[in-house]
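Q: Please show me how to read the features of this model one by one. For each, I would like the general idea and then the case at hand.

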Amino acid sequence: MTVTVLLPFLIVKFGIKRLFLTRNPVRTGLDFDLSSKGFHELEVITDDGVNLHLVRRGNPDKPVVLFLHGFPDSWLTWEKQMTFLSPDSNSRVCSVALSLRGYGKSGKPEGKENYTILKLTHDIKKVVEFLKKEEVVLVGHDWGGVIAWAFTALHPELVSRLIILNAPQPHKFSQLLIENLRQFMSSWYIYLFQIPYLPEYIIQMGDFAFLELTFRDVIKSGRMSVGDLYNTKFFCSQKGQLTAMLNYYRHARHGNREVPKISSPTLVIWGERDLALPPVNLVGLDEYVDDLTVIKLPGASHFVHLEDPDAVNKEILSFISS
């Protein structure tokens, strides 16, 4: 699907009036009260001066589970996992979620050169140091999972366990783009995102109709409320965020170098109905991981942690408790 197909598809689904004649509403804040729900905000400044927004739930003295979101989310995507793992201060673990650089309340430096995988992994190292932990359980989805793959390979001493949700191993994914026709065709959006300015315009058209298309399976499942969608649109409407999000893809086309094999015990949870990342990404994955467990959820798609939070929470808890 290219822009020549995507635009007509959006027009058919949402209508010309909404896409081209409707002014996007002004959103002034989140539809979410952090303090009343037991969440606490933190901030880390990276070595290159980018502020990173963290949210913590649970006792900070306990072992940390660090969550990394993907496109087009923020730390809020992990609310159900954080609440499940860290319901109160007596919980076994402390849950911390990061809004990646360019997202949410984190800084949004200009230029795709500020979104290299080395900068992104260094951000995670800075967060672990800030939390004063020798190691963390690292959980990543989508782009957060790509970063988690790379970070664990580069800094195995800082990751006790790795948990991946529908996120491709970077080196394997780059091979699939060349060798596998289905993955190549499923990655149409990556090529669309390389075009300057146009993707930003398409995403925000008709009050971010593109986001409703992106989350269609989650919305259909009833797991995404009006408030959840509002919050995603609120963050995406912030100055500089759309370009920052797209810069992840714009720099990624420069290639992914091979990294060392991962020694940390690794759990991969995969929604098999993912249209962007078909299950072929799981084939041969043990070549990149010494200790690998794969859980397939046939009824879920890309946003597996939102569509089936009960199953995902159960698997995460079992893995980190074993």
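**Reading the strands, helices and contacts**

Q: In β2, which residue is the bridge partner of H40?

A: The bridge partner of H40 in β2 is R56. This is a predicted model, in which local features need pLDDT of at least 70 and side-chain atom pairs count only at pLDDT 80 or more, while totals for chains, interfaces and linings use all residues. Residues are numbered from 1 along each chain as its sequence is written, and side-chain values use heavy atoms, with hydrogens and water left out.

Q: How many bridges join β1 to β2?

A: Two strands pair if DSSP finds at least two bridges between them. Strands (E, at least two residues) and helices (H or I, at least four) are DSSP runs, numbered from the N terminus. Strand β1 (residues 40-45) is joined to β2 (residues 51-57) by 6 bridges, and the two run antiparallel. They form a hairpin with 5 residues between them. In that turn, G49 has a positive phi of about 85°.

Q: Which residue stands opposite R56 in β4?

A: In a regular strand the side chains alternate between the two faces of the sheet. R56 stands opposite V96 in β4. Strand β4 (residues 94-99) pairs with β2 in the antiparallel sense, over 5 bridges. Of the 7 residues of β2, 6 are buried (buried means under 20% relative accessible area, exposed over 50%, partly exposed in between; 1.4 Å probe, protein chains only).

Q: Where does V159 lie, and how far is its C-alpha atom from that of L54?

A: V159 belongs to strand β6 (residues 159-165). With a relative accessibility of 3%, V159 counts as buried.

Q: How far apart are the end C-alpha atoms of α9?

A: Helix α9 (residues 198-214) has 17 residues, yet its end C-alpha atoms are only 17 Å apart, short of the 24 Å that a straight helix would reach. At G206, α9 bends by about 110° (the angle between axes fitted to the seven residues ending there and the seven starting there). Of its 17 residues, 13 are buried, so α9 is largely enclosed by the rest of the structure.

Q: How many salt bridges does the structure hold?

A: A salt bridge is a side-chain nitrogen of Lys or Arg within 4 Å of a carboxyl oxygen of Asp or Glu. The structure holds 15. One of them joins R101 and D123, with the closest N and O atoms 2.7 Å apart. R101 is in the loop between β4 and α4 (117-130) and D123 is in helix α4, so the pair ties together parts 22 residues apart in sequence. R101 is buried, at 1% relative accessible area, and D123 is buried too, at 3%.

Q: Where do E212 and K233 lie?

A: E212 forms a salt bridge with K233, the closest N and O atoms being 2.8 Å apart. E212 lies in helix α9 and K233 in helix α11 (residues 226-236), so the pair ties together parts that are 21 residues apart in sequence. E212 is buried at 18% relative accessible area, and K233 at 5%.

Q: Is D290 buried or exposed?

A: At 53% relative accessibility, D290 counts as exposed. Its salt-bridge partner is K261, with the closest N and O atoms 3.4 Å apart. K261 is partly exposed, at 45%. Elsewhere, salt bridges that share partners join R18, R27, D207, E212 and K233 into one network.

Q: Which residues make the nonpolar surface patch?

A: Nonpolar patches join side chains of Val, Leu, Ile, Met, Phe, Trp and Tyr within 5 Å, and like charges are joined within 9 Å; patch residues have over 30% relative accessible area and no salt bridge. Here I16, F20, L21 and Y201 make a nonpolar patch of about 440 Å² (Shrake-Rupley areas, 1.4 Å probe, with only the protein chains shown counting as cover for residues). Helix α2 (residues 16-21) gives the most to this patch, with 3 residues. L21 is found in α2, and at 67% relative accessibility L21 counts as exposed.

Definitions and conventions
The expected span of a helix is 1.5 Å times one less than its number of residues.
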